[in-house]
Amino acid sequence: MIRLSLIIPAAGSGVRLGMKTPKPFIELGGRTIIQHTIDKFIDIPELGQLLIVASAQNIDRVRGLLSNFDRSDVDISVVEGGDERQDSISNALKFVDTGCDLVAIHDAVRPFIEKNVVEECIRKAMKYGAAIPGIPVKDTVKVLNDEQFVESTPDRSFLWQIQTPQVFKRQILFDAYDKANNEGFTGTDDSSLVENLGVKVHVVKSSYDNFKITYPIDLKLAELKVEGHL
Ligand code: C5P
């Protein structure tokens, strides 16, 4: 049986949402966003370890929320995050159980991930070493210069918006983070670090439902989904 370690980063400040409460701790239908997210993974048979990354002041709050999850065969812990998302993951990697074949990283603020996408990412990561979910972009994307003028228009048919969970063979992810930390390389997702290692990353088609709660409009959409209106 494949063993999966899941890292859920939840140590962001949530400034873009403009609320005092960090995003993972906002309630939707009586449960926090992070609890909705954990709900989507807790029954996965491959799950062997769950690492939640929280900022120092929220560690106890996360421990409290975790007491509701009943999976005695899963090693569940809370670890401290860092200034940037990449620092948060770097710290969590120190606690990954080396008996796990795969490591998945999923944003705390994507509570609508579908089980079939998770399963497909796990399957493809076992096969290729690295698998991430994504969707084709809807809008035309332009590259701008510093003066706010268009530099170029890449062919849209090749452009995909990438989400999480991003799933990797454990050693590939460890090597990618080691290399990035040694080179001072930073990326906006974990896959960029794996790409920087020279590993080919497979993309699994996901859906628009797996959006990241970032702006107030996303929170409104999330409320409608939890209430069953969408
Ligand atoms: O900031 P962004 O929307 O990319 O954050 C994605 C996820 O990473 C969120 O769940 C957030 O809580 C987490 N994060 C973190 N540590 C940081 C910044 C973000 O765990 N320093």
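The model is predicted, and local features need pLDDT of at least 70, side-chain atom pairs count only at pLDDT 80 or more, while totals for chains, interfaces and linings use all residues. Residues are numbered from 1 along each chain as its sequence is written, and side-chain values use heavy atoms, with hydrogens and water left out. The space taken by the ligand is the largest pocket, where a molecule counts as sitting in a pocket if more than half of its atoms lie within 2 Å of the pocket's grid points.

**Ligand surroundings**

- The ligand is surrounded by 15 residues, of which Pro9, Ala11, Gly12, Gly82 and Ser88 are the closest; a residue is near the ligand if one of its heavy atoms lies within 4 Å of it.
- By class, this shell holds 5 nonpolar, 3 polar and 7 charged residues, with Ala, Val, Leu, Ile, Met, Phe, Trp, Tyr, Cys and Pro counted as nonpolar, Asp, Glu, Lys and Arg as charged, and the others, Gly among them, as polar.
- An oxygen atom of the ligand lies 2.7 Å from a backbone N or O atom of Pro9, and a nitrogen atom of the ligand is 3.3 Å from a polar backbone atom of Glu84.
- From the side chain of Lys212, a polar atom lies 3.0 Å from an oxygen atom of the ligand.
- Taken alone the ligand exposes 460 Å², and the protein buries 87% of that, with areas from the Shrake-Rupley method and a 1.4 Å probe.

**Largest pocket**

- The largest pocket contains about 1100 Å³ of space; on a 1 Å grid over the protein atoms alone, a pocket is an open set of points where a 1.4 Å probe fits, with protein on both sides within 12 Å along at least five of seven lines, and lining residues have an atom within 4 Å of a point.
- Its lining has 44 residues, with Arg16, Arg85, Asp107, Thr188 and Lys212 nearest the centre, and it divides into 15 nonpolar, 17 polar and 12 charged residues.
- Helix 3 (85–93), strand 10 (160–162), helix 5 (170–183) and helix 6 (190–196) each supply at least two residues of this lining, where helices (H or I, at least four residues) and strands (E, at least two) are DSSP runs numbered from the N terminus.

**Second largest pocket**

- About 590 Å³ of space lies in the second largest pocket, and of its 22 lining residues Ile135, Gln161, Phe211, Lys212 and Asp218 are the closest to its centre.
- Helix 7 gives the largest share of this lining, 3 residues.

**Backbone details**

- The peptide bond from Thr164 to Pro165 is cis, with omega near 10°, and Pro165 lies in the loop between strand 10 and strand 11 (166–169).
- Gln148, although not a glycine, has a positive phi of about 70°.

Note on methods
Polar contact = N/O pair within 3.5 Å; in protein donor to acceptor, adjacent residues only side chain to side chain. Points joined across faces, edges and corners; volume = space filled by probe spheres on them.
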